[in-house]
Amino acid sequence: MTKMTAGQALAKVLVDWDVDHIYGITADSINNTVDGFYKEKAKLNYIQVRHEETGALAAAADAKLTGKVGVSFGSAGPGAVHLLNGLYDAKMDHVPVLAIVGQSATGVMNTNFFQEMNQDPIFVDVAAFHKQVVSADQIPYVVDEAIRSAYATKSVSVVIVPDDLSGQEIEFNGFKTKPLKAITTQVVPKQEDIETVLSALKEAKNPILWVGKGAYGARKEVVAVSEKFGLPVLSTAPATGVMPTSHKNFMGSWGRLGTKPAFEAGLTSDLVLFVGTNFPFARYLPETAKFIQVNNNLADLGKQRDAEITVLSDAKLFLEELLKADFSVEKRAFLKALQINKQNWDNWLDELASDDKGGLSAEGVMRAIKESSSDNAVFGLDVGNNTEWAIRQLPFDKQQKFSMSAWYGTMGFGLPAGLAGKLSYPEREVWTISGDGGYAMVMPDLLTEVKYNLPVINVVLENKAFGFIQHEKLMAQQALYGIDLLGADWAHMAKDMGAIGFTVSSLAELNDTMKKISELQVSGNKKPIVIDAKIKNVDPIDTSFVTVDENIFGKDMVETYRKQYDISEEAQPALSSILEQIEN
């Protein structure tokens with residue numbers, strides 16, 4: 001057996017699990033553990049962040065982007081507490097993350113020592129696995145068990161390590177048990193369930209296919225089912241890209257991050273084929289639509305919406321079985337109308353993007369990113385109106401990837417996701433998109449991108465407001481109290497931090513900046529870039545409830561909505577009007 005410190009044995013376990021980088025800040029209660037990372041630095045890259053929250057959020061983004069366990073660490077007390085935001089994000093989005101938490105040395109525990117805390121209860125709710133080691137020999141074994149648990153539960157594991165224990169020498173020579181991280185049991189659909197679904201698809205007049213993240217890896221099957229059965233496709237926001245965003249049958253997402261055609265498709269459908277998702281807002285779909293839910297988690301069936309037909313199955317296997325059907329469906333008038341509806345919507349967004357007379361629009365910035373980004377770009381999305389604009393316009397039809405804080409919805413996710421994206425995919429182009437509110441929360445870690453030569457392109461949409469909350473206050477007819485933000489020269493600050501900064505406030509400046517960035521990339525730039533986009537503070541259209549059809553909502557409500565968002569009937573006719581023209 002080989003002798004080494006328990007901290008080095010811990011690091012070797014991480015390396016065996018294919019972990020190549022780890023985020024955190026060292027301190028006296030975790031110094032011995034970090035010294036173990038140093039001894040394995042040839043294989044394990046320690047990324048020193050400026051705030052443990054950033055590290056934990058980056059670890060969560062790593063897991064979302066790669067499927068591999070993300071790892072971060074913090075010291076006892078404040079460092080441990082700072083991890084919680086990223087850990088809750090990982091828990092709620094069901095991704096494997098390991099947190100290594102320092103603790104006071106065993107000799108001073110239970111003596112009210114400096115920063116000593118009973119830390120295990122802090123992590124009881126967020127972590128499926130949480131243990132404090134009590135001997136040096138336990139450390140590699142408990143960490144190995146914690147990683148297995150993170151993969152098995154798709155959740156968070158926390159290991160608390162008293163600092164003196166990780167500094168002790170132990171005998172360790174690795175494990176014989178292989179690190180199996182990708183073994184999953186496939187849930188095969190029953191044939192009678194497939195026949196029931198096919199029968200329902202035959203009878204439906206206005207059916208839609210609604211896919212979630214469970215359908216990742218089944219893009220080919222989603223497209224084929226859509227085309228075979230003439231199904232308009234909606235996705236949850238986190239599942240954007242499961243269906244290529246440029247496909248004529250793709251309508252976008254439902255809700256505030258969604259589109260007008262997606263809302264109208266859901267509103268008028270008579271059958272919803274709900275595959276691979278537990279989307280919480282499904283409960284707001286019309287009760288008149290027949291609901292078919294397909295999920296490989298028995299507990300999720302019927303959780304968000306009472307379903308007439310339920311199928312326990314993996315999404316890909318289910319879709320493959322549907323494609324074996326001996327019939328197809330000609331393109332319905334419903335699908336034709338929705339394709340026109342989606343084209344009208346895209347044209348309208350393009351008009352908004354082209355108009356900078358009253359100031360640069362967020363739509364204009366998104367279009368520039370769409371036109372400038374590579375086919376395999378990685379995007380880190382923050383939380384707020386910026387997410388709304390990004391999901392509606394960014395291209396996810398090639399090999400692009402993105403990460404967002406979907407269920408937890410924490411501001412400040414964008415920059416850490418960019419860190420993760422560039423570290424996990426160093427050869428890919430990486431962009432982050434943030435509002436000025438979310439960016440300000442984590443902006444010091446731009447220094448981390450500078451320190452490790454990570455040329456992430458960070459786009460800051462500055463409208464000097466908490467825009468997403470501003471909309472809620474407007475809808476509630478409340479005073480816009482606590483919404484306004486003090487602006488800053490984010491580009492100048494970026495330069496002072498060793499990055500490259502550009503300020504844009506018009507389409508001409510934006511286009512010129514994108515050309516300069518392209519030249520920098522060709523020249524092999526290693527510095528992060530910040531685009532400080534000074535956009536006009538316009539409340540983006542709320543697509544969670546699109547009231548443009550007088551037959552449903554009445555004339556007054558329609559006029560109010562159209563006036564609020566400046567959408568004419570000519571540019572954005574109701575779906576029923578388009579359908580009427582097609583049928584006549």
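**Figure 1. K43 sits in the loop between α2 (31-39) and β3.** This is a predicted model. K43 is exposed, because its relative accessible area is 57% and the cut-off for exposed is over 50%. Leaving out neighbours within four places in sequence, K43 is in contact with V15, V19 and D20. Q119 lies 76 residues from K43 along the chain. The C-alpha atoms of K43 and Q119 are separated by 30 Å.

**Figure 2. V49 lies in the loop between β3 (45-48) and α3.** Is V49 buried or exposed? V49 is buried, since its relative accessible area is 2% and buried means under 20%. Setting aside neighbours within four places in sequence, V49 is in contact with Y23, G24, I25, G55, D445 and T448. V460 is 411 residues from V49 along the chain. Their C-alpha atoms are separated by 20 Å.

**Figure 3. The largest nonpolar core has 36 residues.** Which of them touch the most other members? They are Y23, L87, V97, V101, F123 and V158. At least two residues of this core come from each of α3 (52-66), α5 (84-92), β5 (97-103), β7 (156-162) and α15 (414-424). The element that gives the most is α3, with 8 residues. In soluble globular proteins, nonpolar side chains tend to be buried together.

**Figure 4. F123 is one of the core residues that touch the most other members.** What does F123 contact, apart from neighbours within four places in sequence? The partners are A80, L84, L87, V101, H130, V158 and I160. Among these partners, L87, V101 and V158 are also listed with F123 as touching the most other core members.

**Figure 5. Helices α3 and α5 cross at roughly 20 degrees.** Their axes come within 6 Å. The angle makes α3 roughly parallel to α5, because angles under 35 degrees count as roughly parallel. On the α3 side, the contact is made by E53, A56, L57, A60 and K64. On the α5 side, the residues are N85, G86, L87, D89 and A90. By class, this contact has 5 nonpolar, 2 polar and 3 charged residues.

**Figure 6. Helices α10 (residues 260-268) and α12 (residues 333-354) cross at roughly 155 degrees.** The two axes come within 8 Å. How is α10 oriented to α12? The helices are roughly antiparallel, because the angle is over 145 degrees. From α10, K260, P261, E264, A265 and T268 take part. They meet F334, L338, N341, K342 and W345 in α12. The class count for this contact is 5 nonpolar, 2 polar and 3 charged residues.

**Figure 7. Helices α13 (residues 362-372) and α14 (residues 385-393) cross at roughly 45 degrees.** Their axes come within 10 Å. The two helices are therefore oblique to each other. Their crossing is right-handed. A362, E363, M366, R367 and K370 make the contact from α13. W389, A390 and Q393 make the contact from α14. By class, the contact has 4 nonpolar, 1 polar and 3 charged residues.

**Figure 8. Helix α14 is largely enclosed by the rest of the structure.** How many residues of α14 are buried? The count is 9 of the 9, so the helix is largely enclosed. The buried residues are N385, N386, T387, E388, W389, A390, I391, R392 and Q393. Among them, W389, A390 and Q393 also make the contact with α13.

**Figure 9. G438 is found in helix α16 (residues 436-442).** G438 counts as buried, because its relative accessibility is 3% and the cut-off is under 20%. Where does M411 lie relative to G438? In sequence, G438 and M411 are 27 residues apart. In space, they are 4.8 Å apart, C-alpha to C-alpha. Not counting residues up to four places away in sequence, G438 touches D382, M411 and G412.

**Figure 10. N112 and Q477 each have a positive phi in a residue other than glycine.** N112 is in the loop between β5 and β6 (129-132). Its phi is near 60 degrees. N112 counts as exposed, at 77% relative accessibility. Q477 is in the loop between α18 (467-475) and α19 (490-496). The phi of Q477 is near 55 degrees. Q477 is exposed, with a relative accessible area of 75%.

How values were computed. Residues are numbered from 1 along each chain as its sequence is written. This is a predicted model: local features need pLDDT of at least 70, side-chain atom pairs count only at pLDDT 80 or more; totals for chains, interfaces and linings use all residues. Side-chain values use heavy atoms; hydrogens and water are left out. A nonpolar core is a set of buried Ala, Val, Leu, Ile, Met, Phe, Trp, Tyr and Cys residues joined through side-chain atoms within 4.5 Å. Buried means under 20% relative accessible area, exposed over 50%, partly exposed in between (1.4 Å probe, protein chains only). Helices (H or I, at least four residues) and strands (E, at least two) are DSSP runs, numbered from the N terminus. Contact means heavy atoms within 4.5 Å. Axes are lines fitted to C-alpha atoms, for helices over the stretch in contact, and angles run from 0 to 180 degrees between N-to-C directions. Angles under 35 degrees count as roughly parallel, over 145 as roughly antiparallel, 65 to 115 as roughly perpendicular and the rest as oblique. A crossing is left-handed if the near helix is turned anticlockwise from the far one by less than a right angle, and right-handed if clockwise. Ala, Val, Leu, Ile, Met, Phe, Trp, Tyr, Cys and Pro count as nonpolar, Asp, Glu, Lys and Arg as charged, and the others, Gly among them, as polar.
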